[in-house]
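Please look over the sequence and the structure before reading on.

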Amino acid sequence: LDMLDLSVLNDRTSIWISLSGGTDTAALFYLVTKYIYDNNLDVKVTPWCCVDVTRPGNDKIATNITNAVKARIPIDIEDPIFRYFEKEPGGDKPSLTRPFYEEMRSSGLYDCYIDALSASPTIKDMKSYPGFLEAFERVWPENRLPGQNLPTTYWDNDFLTFKPYINKDKKFIAEIYEKEDLMDDIFPLTQSCVGRGITPCMNCFWCYEKHWAFGLYDLV
């Protein structure tokens, strides 16, 4: 994709990439594997999924997405690595999943971690969509406040943390799905809702954001 520069992967040998099962991670996982294939890079790719056991199912979704990407991109992709945690309402997800990141980082098996965290819509955009801003205000510590401009690459000696979406919002992700023709096979597999009932709840921030960008809720 012209708008997303993945050339920092050219000198990597083994990467692990977040694959939560949402639209952002699924699209980035596809783009990264496609870039590796198109440029004939010798890079091992390992998808990584942290699963909240109070909302089970991400592991199955991540597996389905991995298989769908394998069907499109003929490169070797490692089986997903799953780590499980329990987040009660109001809990701090970053602190619960950080030990899993540290485990992967300290293993010495990888020279790159790819994070699919994207930017929030602007306050103006959220105000124009009834209920959206209120949903954002309920969860904003889990996400990034709009309007910032952060670096996409973070280096620790030869280890790279890469966040290519960090300044892109969900409508940019929707463009990827259209341009890469992912709406028929990848999009239906994704799940963004974090409600603890029937999916989609159509009330959480992630439901609002998906509908704002795609005009659709989860199809799972």
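At what angle do helix H5 and H7 pack, and how far apart are their axes? Helix H5 (residues 132–139) and H7 pack at an angle of about 135 degrees, with their axes 8 Å apart, where axes are lines fitted to C-alpha atoms, for helices over the stretch in contact, and angles run from 0 to 180 degrees between N-to-C directions. That angle makes H5 oblique to H7, given that angles under 35 degrees count as roughly parallel, over 145 as roughly antiparallel, 65 to 115 as roughly perpendicular and the rest as oblique.

The model is a predicted one, in which local features need pLDDT of at least 70 and side-chain atom pairs count only at pLDDT 80 or more, while totals for chains, interfaces and linings use all residues. Residues are numbered from 1 along each chain as its sequence is written, and side-chain values use heavy atoms, with hydrogens and water left out. The helices (H or I, at least four residues) and strands (E, at least two) are DSSP runs, numbered from the N terminus.

**Helices packed on H7**

- H5 passes H7 in a left-handed crossing, a crossing being left-handed if the near helix is turned anticlockwise from the far one by less than a right angle, and right-handed if clockwise.
- In this pair, Phe-132, Ala-135, Phe-136 and Val-139 of H5 meet Phe-205, Tyr-208, Glu-209 and Trp-212 of H7, contact meaning heavy atoms within 4.5 Å.
- The residues of the contact of H5 with H7 divide into seven nonpolar, no polar and one charged; here Ala, Val, Leu, Ile, Met, Phe, Trp, Tyr, Cys and Pro count as nonpolar, Asp, Glu, Lys and Arg as charged, and the others, Gly among them, as polar.
- Helix H6 (residues 170–179) packs with helix H7 (residues 205–214) at an angle of about 55 degrees, with their axes 8 Å apart, and H6 and H7 are therefore oblique to each other.
- H6 passes H7 in a right-handed crossing, and the contact is made by Lys-170, Lys-171, Ile-173, Ala-174 and Tyr-177 of H6 together with Glu-209, Trp-212, Ala-213 and Phe-214 of H7.
- By class, this contact of H6 with H7 has six nonpolar, no polar and three charged residues.

**Helices H1 and H2**

- Helix H1 (residues 23–38) and H2 pack at an angle of about 30 degrees, with their axes 10 Å apart, which makes H1 roughly parallel to H2.
- H1 passes H2 in a right-handed crossing, with Ala-26, Phe-29, Tyr-30 and Thr-33 of H1 touching Ile-65, Thr-66, Val-69 and Arg-72 of H2.
- The contact of H1 with H2 has, by class, five nonpolar, two polar and one charged residues.

**The sheet**

- Six strands form an open sheet in the order E3-E2-E1-E4-E6-E5, with mixed pairing, and two strands pair if DSSP finds at least two bridges between them.
- The edge strands are E3 and strand E5 (153–156), each of which pairs on one side only.
- Neighbouring strands of this sheet are turned by 20 degrees against each other on average, direction ignored.
- E5 pairs with strand E6 (residues 159–162) in the antiparallel sense over four bridges, and the bridge partner of Thr-153 in E6 is Phe-162.
- Strand E2 (residues 44–52) and strand E3 (residues 81–85) run parallel and are joined by five bridges.

**Around Phe-82**

- Phe-82 has its place in strand E3, where Phe-82 is the bridge partner of Cys-49.
- Not counting residues up to four places away in sequence, Phe-82 touches Cys-49, Val-51, Asp-59, Ala-62 and Thr-63.
- The C-alpha atoms of Phe-82 and Ile-176 are separated by 26 Å, and these residues are 94 residues apart along the chain.
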